Amino acid sequence: TIHVPAGVVQPGTCCDIAVIPIMEGKFYYPYNHTPVSAIYAIGTSCKLLKPIKIELQHCVNVTEENKGRMKFAKAEHDDVNSPYRFETCGNGVFPAGSQYGSIKCYSFSLYTILLDIASWFSGRSSTRYK
């Protein structure tokens, strides 16, 4: 979902926003992070005067305890043949009980949601099975 508030573009300007799911490619994520959402290329045909809010669906059962382990990540998509290197960005919002995270942004690239798996597993106890 994309939320576009009033005043995002100059009055009288027409602006297109494209959202394209990325199905394959060479993706590199920060150490100890794994994607928990689809990857989307998001772009605009004009300069934005204000940030817009994007919401992405993810597959984590968000609780008050684990929502700090979720992060938005962004990668530039200048060259389709080079690997996409994701870096965590901004202050995403991940409400407990929701399957969506949101972030405000001015610039557009590839976006996904990552889970910090090191901190995820450090807080869990293990069970032995016989």
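This is a predicted model: local features need pLDDT of at least 70, side-chain atom pairs count only at pLDDT 80 or more; totals for chains, interfaces and linings use all residues.
Side-chain values use heavy atoms, with hydrogens and water left out.

Lys71 takes part in a salt bridge with Asp116, in which the closest N and O atoms are 4.0 Å apart. A salt bridge is counted where a side-chain nitrogen of Lys or Arg lies within 4 Å of a carboxyl oxygen of Asp or Glu. This pair connects distant parts of the chain, with Asp116 in strand S11 and Lys71 in strand S7, 45 residues apart. Strands (E, at least two residues) and helices (H or I, at least four) are DSSP runs, numbered from the N terminus. Asp116, at 15% relative accessibility, counts as buried. By the stated rule the count comes to two salt bridges. Lys67 and Glu64 also form a salt bridge, with 3.3 Å between the closest N and O atoms. Of these residues, Lys67 is partly exposed at 31% relative accessibility, whereas Glu64 is exposed at 58%.

Strand S11, which holds Asp116, is mostly covered, seven of its seven residues being buried. Both of its faces are covered: one side presents Leu110, Thr112, Leu114 and Asp116, and the other Tyr111, Ile113 and Leu115. Two strands are taken to pair if DSSP finds at least two bridges between them. S7 and S11 are antiparallel partners over six bridges, and Ala73 stands opposite Thr112 of S11. Strand S4, residues 33–35, pairs with S11 in the antiparallel sense over three bridges; His33 has Asp116 as its bridge partner in S11. The pairing of S5 with S11 is likewise antiparallel, over two bridges, and Ala41 has Leu110 as its bridge partner in S11.

A nonpolar core is a set of buried Ala, Val, Leu, Ile, Met, Phe, Trp, Tyr and Cys residues joined through side-chain atoms within 4.5 Å. The largest such core comprises 19 residues, and those with the most contacts inside it are Met70, Phe72, Tyr111 and Ile113. Two or more residues are contributed to this core by each of strands S6 (52–57), S7 (70–75), S10 (100–105) and S11 (110–116). Apart from it lies another core, of eight residues, among them Ile39, Ala73, Tyr84 and Phe86.

Contacts are defined by heavy atoms within 4.5 Å. Leaving aside residues up to four places away in sequence, Phe72 touches residues including Leu56, Cys89, Phe94, Ile103, Tyr111 and Ile113. Phe94 lies in the loop between strand S9 (87–89) and S10, and is buried, with a relative accessible area of 6%. With the same exclusion of residues up to four places away, the contacts of Phe94 include His58, Val62, Lys67, Met70, Lys71, Phe72 and Ile113. Phe94 and Arg69 are 25 residues apart along the chain, and their C-alpha atoms are separated by 9.7 Å.

A disulfide is a covalent bond between the sulfur atoms of two cysteines. With a cut-off of 2.5 Å between the two sulfur atoms, a search of the whole structure finds one disulfide. Cys15 is joined to Cys46, with an S to S distance of 2.1 Å, and the link is left-handed, with -105° about the S-S bond. Because Cys15 lies in the loop between strand S1 (2–3) and strand S2 (17–21), and Cys46 in the loop between strand S5 (40–44) and S6, the pair ties together parts that are 31 residues apart in sequence. Cys15 is partly exposed, at 23% relative accessibility, whereas Cys46 is buried, at 17%. Cys89 is in no disulfide, the nearest cysteine sulfur being that of Cys105, 8.0 Å away; this separation is too far for a bond. At 22% relative accessibility Cys89 is partly exposed, while Cys105, at 6%, is buried.

Terms used
Residues are numbered from 1 along each chain as its sequence is written. Buried means under 20% relative accessible area, exposed over 50%, partly exposed in between (1.4 Å probe, protein chains only).
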